[in-house]
Structures are given as structure tokens and as C-alpha cells.
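The sequence and structure are shown first.

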Amino acid sequence: MTDSNGAPLDEVRAAVLAAAKAMHRRGLVEGTAGNVSGRVDDGTVVVTPSSLGYEEMTLDDLVVVDLDGEVVAGSRSATSEKGVHLAVLRAYPEVGGVVHCHARYASMYAVAGLPVPACIDEFVVYIGGDVPVGRYHPSGTEGLAEEAARHLADRSAMLMANHGLVVIGRSVDDALHSALVVEHNAHIAWGAQQLGGTVALPAEAVRDFTGVYQFVRQHTWHPRPASTA
Ligand SMILES: [Zn+2]
């Protein structure tokens, strides 16, 4: 066991595969784009492979790497964006799952260089506030990995400029759910913009709901104490 938030290997493998297929089925990615990772309780990480369609992907196609990216198990190449996943998992031990996708409305904000505004109160509880846009770095670079991690200290999602979305969660399932929440909110914010503009949430509500997010992340994402594990 480690002091980070991991689950047993078989459980994480099943969750990563299910989330990858759901991400594709729900339209958050096209083709082989996007990737998913989950933290194992021995400190390793299960990641999706590069260049393989989601419909044909099986448990045997997943790759296990250590936090430095060295392959521990699996015969395929790990996703080319593994650097983003590993930088986030190294930075935040409470994170159990990471999803990277190209969801349409969230990506529109990423291309426009605009944060997704937190215009629904429930959104703040799940995500922690507006979804910020990082500085542009090319795919697969260490700069992009560091930029993604830097923005996720106090919220669950960030936009990679001119690219897409990165979302974290207590578990792989939780990260996928938050990715869907971000896309739903981005769609609504975009639509509200066409209707004349979004109305900001009252500052007090944002402060209260941000507090709920921070409390949940600090107190329930962390691994259970050894006495109750
Ligand atoms: Zn991508």
C-alpha cells in the first residue's frame, strides 16, 4: 500500500476500460483520441494504449506503468499523453483517476481561449469553479504535462489550449462523471451566450460551493486510514 489514492489492480483495469468505452460512446472523443488512467494501490498506474479503437479495446490492451512512465506490464505502447496523466498523479496523491478527452463544447472554449464559466451551482460542487485554460504546449510534451498539473491544484478540470479537456477524480468513474459534467455545463454556457450572455452565480454561492468542493477533495478523496482500510 502507498499513501496515495489507489485501488486493487483488477478493479482499476476494469474501471479504466469501462470509462474509455463510455467516453467514446458518450461522444467525448472521436476515433482513437483521448485517454484514461487509474491509480493502483501499489503505486503503479493503468493507462489506455495509443492508437487503438475503443470498440475493440480489451483488458489485455491496457498498459501498466510506474509514475515515471516505465512500463510494468502490457505489450502495447502507453498513450502518447501519459505524461499529462502521470504529472497529475504525481502532484496530487488524492487523485485516483484522470480522463483526457476532446469533448465538443469544452474544446470550443479551449480553442477560443476562454475558461468554461461555472454558471450552475452544482457544477462548482463537482469541479471547484471555472475551468481554466492553460498556456499552449504541443501534445506529448513535458510542458503540457506540467501546465495541466499546475491548474488542477484546486479544481477538477482544466482546458489544454487549442486541444481539449483534462479531468481528475477520486476514482476513474468519478473523473469520467466530472468530464460529462464539464461538457454539459460548457454546452449550457455556450447556449446561454447565444441567448444574451450568462449571468454569474452570486459570489457568496460560489464561495460556499467552492468550500464544499475543497472539503470533499481533502477529506474523502484521500485513502482511508489503515485502521479502517
Ligand atoms: Zn488529446
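The sections below treat the sheet, its central strand pairings, the nonpolar core and the helices of this predicted model.

## The sheet

Seven strands form an open sheet in the order S4-S3-S2-S1-S5-S7-S6, and their pairing is antiparallel. The edges are taken by strand S4 (71-73) and strand S6 (157-160); each has a single partner strand, so one side of each lacks a neighbour in the sheet. On average, neighbouring strands are turned by 25° against each other, direction ignored.

At one end of this order, S6 runs antiparallel to strand S7 (residues 164-169), and four bridges join the two. Within this pairing, Ala157 has Val167 of S7 as its bridge partner.

Strand S1 (residues 35-39) is mostly covered, with five of its five residues buried. In a regular strand, side chains alternate between the two faces of the sheet. In S1, Asn35, Ser37 and Arg39 point one way, while Val36 and Gly38 point the other way; all are buried.

S1 pairs with strand S5 (residues 97-101) in the antiparallel sense over four bridges, and with strand S2 (residues 45-47), again in the antiparallel sense, over three bridges. Ser37 takes part in both pairings: Val98 stands opposite Ser37 in S5, and Val47 is the bridge partner of Ser37 in S2. The hairpin of S1 and S2 has five residues between the strands, and Gly43 there takes a positive phi near 95°.

## The nonpolar core

In soluble globular proteins, nonpolar side chains tend to be buried together. The largest nonpolar core of this model has 61 residues, of which Val16, Val88, Val99, Ala148, Leu165, Ala179 and Val182 touch the most other members.

Neighbours within four places in sequence aside, Val16 is in contact with Val36, Ser37 and Gly38, as well as with Val46, Thr48, Leu62 and Val172. Three of these contacts, Val36, Ser37 and Gly38, are among the buried residues of S1.

Helix H3 (residues 104-112) lies across S6 and S7 and runs at about 115° to S7.

H3 also packs with helix H6 (residues 172-194), at an angle of about 65° and with the axes 7 Å apart. That angle makes H3 roughly perpendicular to H6. The crossing of H3 past H6 is left-handed. On the H3 side, the contact is made by Tyr105, Ala106, Met108 and Tyr109; on the H6 side, it is made by Val182, Glu183, Ala186, His187 and Trp190. Val182 is also one of the core residues that touch the most other members.

Methods: Residues are numbered from 1 along each chain as its sequence is written. This is a predicted model: local features need pLDDT of at least 70, side-chain atom pairs count only at pLDDT 80 or more; totals for chains, interfaces and linings use all residues. Two strands pair if DSSP finds at least two bridges between them. Axes are lines fitted to C-alpha atoms, for helices over the stretch in contact, and angles run from 0 to 180 degrees between N-to-C directions. Two residues are in contact if their C-beta atoms, placed from the backbone, lie within 7 Å. A residue is buried if 20 or more other C-beta atoms lie within 10 Å of its own, exposed if 12 or fewer, and partly exposed in between; C-beta atoms are placed from the backbone. A nonpolar core is a set of buried Ala, Val, Leu, Ile, Met, Phe, Trp, Tyr and Cys residues joined through C-beta atoms within 7 Å. Angles under 35 degrees count as roughly parallel, over 145 as roughly antiparallel, 65 to 115 as roughly perpendicular and the rest as oblique. A crossing is left-handed if the near helix is turned anticlockwise from the far one by less than a right angle, and right-handed if clockwise.
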